[in-house]
Amino acid sequence: MGERKPGPERAVLIAVTAERQSEAQTREYLDELEFLAETVGIETKRRFTQRLSSPHKRTFVGTGKLAEIVAYVKENDIDLAIFDDELSPSQTRNLEKEMECEILDRTRLILNIFVQRASTAYAKTQVELAQYEYMLPRLTGMWTHLERQRGGTGTRGGAGEREIETDRRAIRNRITKLKEDLKKIDRQMATQRSNRGSLVRVALVGYTNVGKSTLMNLLSKSEVFAENKLFATLDTTVRKVVLDNLPFLLSDTVGFIRKLPHQLVESFKSTLDEVREADLLLHVVDISYPNFEDHLNVVKQTLVEIGAGDKPVFLVFNKIDAYRYEQKEEDDLTPRTERNWTLEEIKQSWIAKANTPCIFISAREKINIDKLRKDLYGMIGEIHAGRFPFNNFLY
């Protein structure tokens, strides 16, 4: 091989297709993993998949598939192997020995994105805590990697092991300190929330990159950062909004994602207090995504996990301007699915089956926004009237 040209890091993506998972689902999951990699500037060169009842305990994939991946990595000067699941510490160590390139799992990749995106002291503290909690059980593997670079100086019972124990103690102390810092900030934020009075609170929730921040800007006439990348928003933004004569508080929160690392769920729980304390959730769904119901269910499950599963919900199907359906050929006898429904058919289906109010909009193109405002006014007005039964002149 010739000398490597400068440029973005190059990666292969690796996934296991489980028993009850279709090949199409695996492709969609890898599409998302590639988008995650692209978000931190990594270029995907090839994908590898294998159908297994469960990931191999030692190397995640089987020995034959691993040999195929290793050959490709060495022949094509690949920098990273990214796995679409969280690897155990032992799997990571074994894979590093076999592949001789950096190993990332989905959790570490998402953590890397959060590191890049964190801008405030609060977000940085939350992300640092998640990083250390991920790192702690993996220190042995990290030291093994360093030992290879140093020529194997840290043998069992020697300096390397003592260094690991020192590092573990330092990390545990740092985790304790970060948790104390977060508790202090949480108390400050709780005080801020209590000082907002009794205004109705509405929280935007949804999968990452569905257009929550764009909708926030539309409703609040503010300039919240919005970008077509995953996790563009990490910090909760709260704005006072007035619809006609009815004021309320609108908050935009971090987006959810499939297999969101539990370290991040734990460290960001305080940020998600805005969701738990909301009177109404605007659940934004990207209807242009072929399997948008998967995203919808991920958000529902995450809301349950953070204790907000019983909140009133207004479903907002966004990006109708980008919706495309796959028209079936006349001789195609396979059953129709929502992939090849027209937008109007999906609307009628969801209006009929949803047990919660729903609306179809385009935040980017400002389609149906007046109807959204009108419906939102009605819902907030009802909450307001229930809270102040003798002072409901606003509604």
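A residue is called buried when its relative accessible area is under 20%, exposed when that area is over 50%, and partly exposed in between (1.4 Å probe, protein chains only). The structure above is a predicted model, in which local features need pLDDT of at least 70 and side-chain atom pairs count only at pLDDT 80 or more, while totals for chains, interfaces and linings use all residues. Residues are numbered from 1 along each chain as its sequence is written, and side-chain values use heavy atoms, with hydrogens and water left out.

The overall make-up comes first. The protein has 395 residues, and 49% of them count as buried. Its chain forms 13 helices and 10 strands; these are DSSP runs numbered from the N terminus, with helices being H or I of at least four residues and strands being E of at least two. A contact means heavy atoms within 4.5 Å. Among contacts with a separation of 6 or more, 69% are between residues 24 or more positions apart.

Next come the charged side chains. A salt bridge is a side-chain nitrogen of Lys or Arg within 4 Å of a carboxyl oxygen of Asp or Glu. The structure holds 26 of these salt bridges. One of them joins E133 and K179, whose closest N and O atoms are 3.7 Å apart. This pair links distant parts of the chain, since E133 belongs to helix α5 (residues 121–135) and K179 to helix α7 (residues 159–194), 46 residues apart. E133 counts as partly exposed because its relative accessibility is 25%. K179, at 39%, is also partly exposed.

A second pair is K353 and E293, with 3.7 Å between the closest N and O atoms. Here too distant parts of the chain are linked: K353 lies in helix α12 (residues 343–353) and E293 in helix α11 (residues 292–305), 60 residues apart. K353 has 44% relative accessibility, so it counts as partly exposed. E293 has 29% and therefore counts as partly exposed.

The salt bridge between D370 and R373 has its closest N and O atoms 3.6 Å apart. Both residues sit in helix α13 (residues 369–387), three residues apart, which is about one turn of the helix. D370 counts as exposed because its relative accessibility is 61%, whereas R373 is partly exposed at 25%. Elsewhere, salt bridges that share partners join E32, D84, D85, R106, R258 and K259 into one network.
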